[in-house]
Each structure stands twice: as C-alpha cells, then as structure tokens.
Amino acid sequence: MTAPATADALGSRPETLAAGRILDRARDLVAPALTDAVATLHPWIAEMAAYALGHGGTDTGGRGTEADSRGGKGVRQALALLGAELAGAPADSGVPAAVAVELVHTFSLVHDDIMDGDALRRGRPALWKAYGTGPAVLAGDALLALAVGTLGAAPEAARRLSAALDDLVRGQADDLLLARRPWTGPEAVTAGEYETMAERKTGTLLGCALALGAQLGGADERIVAALDRAGRHLGVAFQIVDDLLGIWGDPEVTGKPVHGDLREGKKTLPVLAALDGPYGPELAQLLGARDTAERAADLVARAGGRAAALREARRHLAAAYALLDSVPCSPHAAGELRSLLSALTRRTV
C-alpha cells in the first residue's frame with residue numbers, strides 16, 4: 001500500500017492561478033527575444049534549438065509535432081523578470097537574463113537526456129531521439145554559446161552566468177557519480193551529499209535567474225547575493241518535490257510511471273532518509289528490482305522517508321522566504337515571487 005497524496009499538495013486554487021498568470025506573462029514577454037536569439041544560429045541548429053525549446057520541429061519519423069509553441073513552464077524566465085521587478089525596475093529589463101537562463105536550462109536538458117538515455121521530453125521524442133546523438137550534442141553546445149553571448153553587453157552579468165555554469169556542471173558530475181555508489185556501507189550516499197548535488201544541479205540556475213534579473217535591474221550586490229541564495233534553497237526544495245513525485249506522483253499529472261524512480265534505483269532524498277531507519281536493510285534489498293517497487297515505496301513511507309523529505313523541502317522554502325524578507329525590494333514583486341514559489345513546491349505528491 002503506497003502513501004496517499006497530501007491533501008494540500010496542489011496548494012490553494014488562487015495560488016495556483018496566480019502562478020499560472022505569472023508564468024504566462026513571463027513566456028509572453030520573453031518569447032520574442034528568445035525567438036530572435038535562436039534565429040541567429042545556423043538554420044539546421046536553429047531548427048533543433050527550437051525543437052528543444054518546445055517550439056516545433058520534427059519527430060523521429062520526420063513529421064511535424066504539436067508541442068506548445070511557448071515551450072515548457074518557463075520557471076527560470078519568470079524568476080529573472082521577477083528579479084528585475086524586485087529591484088524596482090520594469091520586468092522587461094530582465095529579459096536578457098531570462099533568455100540566457102532559458103537557453104542554459106534547455107542546453108542542460110538536451111545533454112541530460114543524452115547522458116541518462118531518456119527517450120522522451122515533454123511528451124515527445126527527446127532531441128537526440130529525433131535528430132540523432134551527434135546533432136543533439138552540437139545543438140546543446142550552440143545553446144550554451146548563445147546563452148553566454150546574450151549577456152555580452154553586460155560583462156558582470158556574463159561572469160555571474162559563467163560561475164553558475166561551473167556550479168551546474170559540478171552538480172551534473174555529482175549526480176552521475178552518486179548514482180554509481182552503493183545504497184549501504186561506508187560508500188553510501190549521505191543526505192548532505194544529495195543536498196549539495198541538488199543545490200548545484202537545480203538550485204544554481206534558479207538562483208542565477210533571480211540574481212541576474214536583479215543585477216540587470218540595478219540592484220546592489222547585497223540584494224543580488226541574497227536572491228541568488230534564495231533561489232538555491234528553492235532549487236533544493238524543488239528537487240525534493242520532484243523526488244516525491246518520482247515515487248508517489250500521479251502518472252496522469254507527472255507523465256512518469258508510478259514508482260519509476262525506485263525501479264531505476266535513483267538516489268533520492270526520501271529513500272536516503274528511509275535507509276537510515278529500521279527498515280534500511282530490507283529496503284536496500286528491494287531497491288532497483290522492478291517487481292518490488294510497490295513494496296519499496298511502502299517501506300520508504302513507513303520508515304519516515306516521505307515525511308522527512310517533505311519537512312526538508314519546507315525548510316528550504318522557509319529559508320528562501322527568510323532571505324527574501326532580509327533585503328529591501330518591491331512589495332508587489334515579492335508577493336508575486338512568494339505565490340510562484342509556493343505553487344512550485346506544492347505540486348501533486
């Protein structure tokens with residue numbers, strides 16, 4: 001028997017609607033600049049970049065696809081625009097930052113799918129499946145170069161993006177290395193190592209988005225640094241929620257099979273927390289076995305892994321809020337950011 005969904009997982013309806021409005025506004029503001037940037041690439045690479053961004057292209061059979069013309073959720077775009085508004089500047093002053101972080105995020109997804117062998121992205125063939133591994137690597141490289149070039153007129157912002165890229169790559173390396181380590185014994189992965197990886201892999205770019213927007217909006221370094229740290233905390237919370245969804249999420253909502261992360265043997269926080277409990281040895285024997293995933297999910301929940309992960313996600317979200325409260329910023333933009341953060345970390349679990 002698996003753990004039931006939390007009653008408040010989706011958040012309140014007004015909160016969800018507010019987040020949707022914020023994301024829609026960001027996509028509408030950023031889409032023209034993003035399209036213009038991609039259009040500067042080699043035509044074939046531009047086609048692949050547009051496909052990776054969710055703007056069309058071809059599937060594995062050469063047929064046109066019906067992906068959302070505005071691409072994915074656009075969380076990082078929205079954070080960049082809100083960062084500018086937190087500094088008291090118009091949202092459009094953060095558009096270059098939004099374009100840069102969206103290009104970096106897409107680059108990371110393209111390479112992630114290749115490294116993980118994931119065949120689907122946003123409900124259709126991943127770029128490497130649609131165009132081939134070599135072309136997908138090339139398109140990812142082009143997206144990264146284009147992202148850095150987008151901030152060429154703002155050297156300090158470009159340096160911040162480069163530092164974030166270094167951290168992002170470190171997080172990707174950590175993720176690959178942690179996957180190879182055993183569940184138990186002296187080489188077992190610790191919760192602290194997991195959270196460091198999550199901050200680098202997910203939190204770095206969220207923090208960079210907020211910080212870059214604020215920097216381009218004219219904020220001083222104290223505000224920029226606080227927003228960077230807030231985004232990093234958000235990233236850890238966001239990753240933990242993804243972990244929970246990977247075990248107990250509704251497949252109709254997540255697009256992933258139930259208990260999928262357990263079958264793949266992923267090192268996620270609910271499992272790592274549960275392994276420290278009395279069911280640890282039994283759980284370690286079940287992990288990764290396709291026909292025992294439901295029993296493993298039940299053990300994780302009974303051992304307190306699910307509850308511990310939820311507590312940790314809430315702790316990181318509270319830390320993000322505290323950092324936001326610690327610096328002077330636009331009250332309206334701060335309220336918008338709170339609505340977005342709350343909705344993002346209270347998805348279906």
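User: How much space lies in the largest cavity?

Analyst: On a 1 Å grid over the protein atoms alone, a cavity is a set of points where a 1.4 Å probe fits but cannot get out, and its volume is the space filled by probe spheres set on the points, which are joined across faces, edges and corners. In this predicted model, where local features need pLDDT of at least 70, side-chain atom pairs count only at pLDDT 80 or more and totals for chains, interfaces and linings use all residues, the largest cavity holds about 110 Å³. Residues are numbered from 1 along each chain as its sequence is written, and side-chain values use heavy atoms, with hydrogens and water left out.

User: Which residues lie nearest the centre of the largest cavity?

Analyst: Lining residues have an atom within 4 Å of a point; there are 13 here, and Tyr 51, Ala 52, Asp 113, Arg 121 and Leu 127 lie nearest the centre. Helix 4 gives the largest share of this lining, four residues.

User: What lines the second largest cavity?

Analyst: This cavity, of about 30 Å³, is lined by Asp 112, Met 115, Asp 116, Gln 172, Asp 175, Leu 176 and Lys 201, with helix 4 and helix 7 (155-180) each supplying at least two residues.

User: Is helix 4 mostly covered or uncovered?

Analyst: Helices are DSSP runs (H or I, at least four residues), numbered from the N terminus, and buried means under 20% relative accessible area (1.4 Å probe, protein chains only). Helix 4 is mostly covered, with 18 of its 22 residues buried, and Gly 117, whose phi is positive, near 70 degrees, follows the helix.

How values were computed:
Buried < 20%, exposed > 50% of the residue type's maximum accessible area, 1.4 Å probe, protein only. 1 Å grid on protein atoms, 1.4 Å probe; cavity = no way out; pocket = protein on both sides within 12 Å on 5 of 7 lines; lining within 4 Å.
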